[in-house]
Amino acid sequence: MVPLGPLAPGKTLGILGGGQLGRLIAEAAKGLGYKTAALDASASSPALQAVDFPIVGPVDDAAAAMTLAAQSDLLTLEWELIPVKVLEAVARARPLYPEPSVLGLIQDRLTQKNYLAKHGFPQTPYGEALSALGWKYPVILKRRTHGYDGKGQCRLESEADAPKADEVLKAPCVWERMVDFKAEISVILARGRDGAVAVYPIAENVHRRGILHATRAPARLPRDVSARAIALAREIAAAFGHVGVMAVEMFLLHDESLLVNEIAPRVHNSGHYTLGGCATSQFEQHVRAVCGLPLGSTDLVPGGASMVNLLGDLWANGEPKWSVIDGIPGMKLHLYGKSGARPGRKMGHYTVAGPEAEAEFARADERLAAMRR
Ligand SMILES: Nc1ncnc2c1ncn2[C@@H]1O[C@H](COP(=O)(O)OP(=O)(O)OP(=O)(O)O)[C@@H](O)[C@H]1O
Ligand SMILES: [Mg+2]
């Protein structure tokens with residue numbers, strides 16, 4: 001087979017999925033001279049508003065995905081739950097990165113955990129049944145597929161909480177031991193088609209109700225912990241044969257050991273700080289990796305960077321008071337163009353790059369409270 005060369009400027013990058021991640025990928029692709037197409041069920045989805053060729057149709061439908069393929073020269077995705085059969089069909093029509101086999105290993109939590117276990121990566125104790133955890137609490141129950149932002153999960157502190165699990169258990173699940181972590185971090189990296197890897201400064205993440213709240217980079221970690229985290233992420237990306245950006249979420253325990261929580265075979269919310277915070281954003285880097293361009297520098301601006309998510313709750317009583325953040329030096333606001341600000345829905349985020357980044361990470365709650373009407 002003739003090796004695939006880089007995608008030439010002027011060609012079209014097609015994106016399976018129409019959310020904010022797709023929108024930000026499309027914006028970055030335009031900056032590299034590409035035309036863009038995206039597929040989503042809703043014409044008003046964030047990415048479909050931003051691409052040259054919006055295609056309306058279900059992302060999990062082979063015929064709709066083939067329409068996107070016909071419009072595109074090369075394909076990528078912003079959502080990992082597209083059925084592997086659909087991915088295989090489009091991959092026969094156009095180059096697709098990451099490859100369907102990678103998604104096949106990742107999209108089911110149990111398959112992902114088993115694959116990580118098989119390769120010896122450290123993880124939270126887990127099992128298909130609570131008995132595998134010795135019936136010991138606290139535990140967290142997670143649906144094997146279609147969970148995000150803490151959805152499809154349930155925490156059980158003791159046996160008395162067992163009835164809370166009934167709803168989640170309506171679909172196949174994994175049980176996980178609740179771990180008492182010191183910090184949550186993520187390693188965002190990009191792996192090219194040639195196996196070249198570029199790693200971003202480690203992100204330190206704060207979650208609320210299972211949803212990412214804020215990120216700061218660089219994470220405050222001893223150097224040997226950073227080195228171990230980066231080595232783990234590199235080995236994981238290589239073990240999956242991934243191409244594109246990948247996020248590896250980890251828990252740092254009190255004894256400084258690291259456990260892999262989950263991996264995302266795509267650009268990730270905890271990498272949004274790279275927009276303005278790094279020489280090459282994770283979105284541009286993803287486009288570079290899948291299109292076969294050289295990977296860009298992941299250098300962080302002096303002073304570091306932070307990111308705060310803007311959830312629908314902020315719109316409860318009307319448009320947020322943007323003047324609260326307007327004047328922050330190094331601030332960039334990204335709104336995803338979603339209508340319908342439901343509680344917990346990611347509507348946008350702001351990043352702060354440079355000297356104010358750390359202070360703004362610490363002030364995130366204060367800023368959000370002040371922005372609320
Ligand atoms: N085993 C665990 N012990 C302690 N906390 C946990 C555990 N599993 C998950 N959490 C907490 O819940 C958050 C969400 O869990 P997880 O990352 O598994 O879910 P998700 O819904 O797939 O999230 P994402 O939005 O990242 O896709 C984690 O970031 C962490 O804060
Ligand atoms: Mg997660």
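This is a predicted model: local features need pLDDT of at least 70, side-chain atom pairs count only at pLDDT 80 or more; totals for chains, interfaces and linings use all residues.

Analyst: A nitrogen atom of ligand 1 is 2.9 Å from an N or O atom in the side chain of E176, a polar contact in the sense of a pair of N or O atoms within 3.5 Å. The side chain of R109 has an N or O atom 2.8 Å from an oxygen atom of ligand 1, and a polar side-chain atom of H207 lies 3.3 Å from an oxygen atom of the ligand. Side-chain values use heavy atoms, without hydrogens and water, residues are numbered from 1 along each chain as its sequence is written, and chains are lettered from A and ligands numbered from 1 in the order in which they are written.

On its own, ligand 1 has 620 Å² of accessible area, and the protein covers 94% of that (Shrake-Rupley method, 1.4 Å probe). Two or more residues of the shell come from each of strand 6 (139-143), strand 7 (153-156), strand 8 (173-177), strand 9 (181-191), strand 13 (244-253) and strand 14 (258-264); strands here are DSSP runs (E, at least two residues), numbered from the N terminus.

There are 22 residues around ligand 1, and K142, D149, G150, E184 and E262 come nearest, where being near takes a heavy atom within 4 Å. By class, the shell holds nine charged, seven polar and six nonpolar residues. Here Asp, Glu, Lys and Arg count as charged, Ala, Val, Leu, Ile, Met, Phe, Trp, Tyr, Cys and Pro as nonpolar, and the others, Gly among them, as polar.

Conventions: A polar contact is a pair of N or O atoms within 3.5 Å; within protein, one must be able to donate a hydrogen and the other to accept it, and residues adjacent in sequence count only if both atoms are side-chain atoms. Helices (H or I, at least four residues) and strands (E, at least two) are DSSP runs, numbered from the N terminus.
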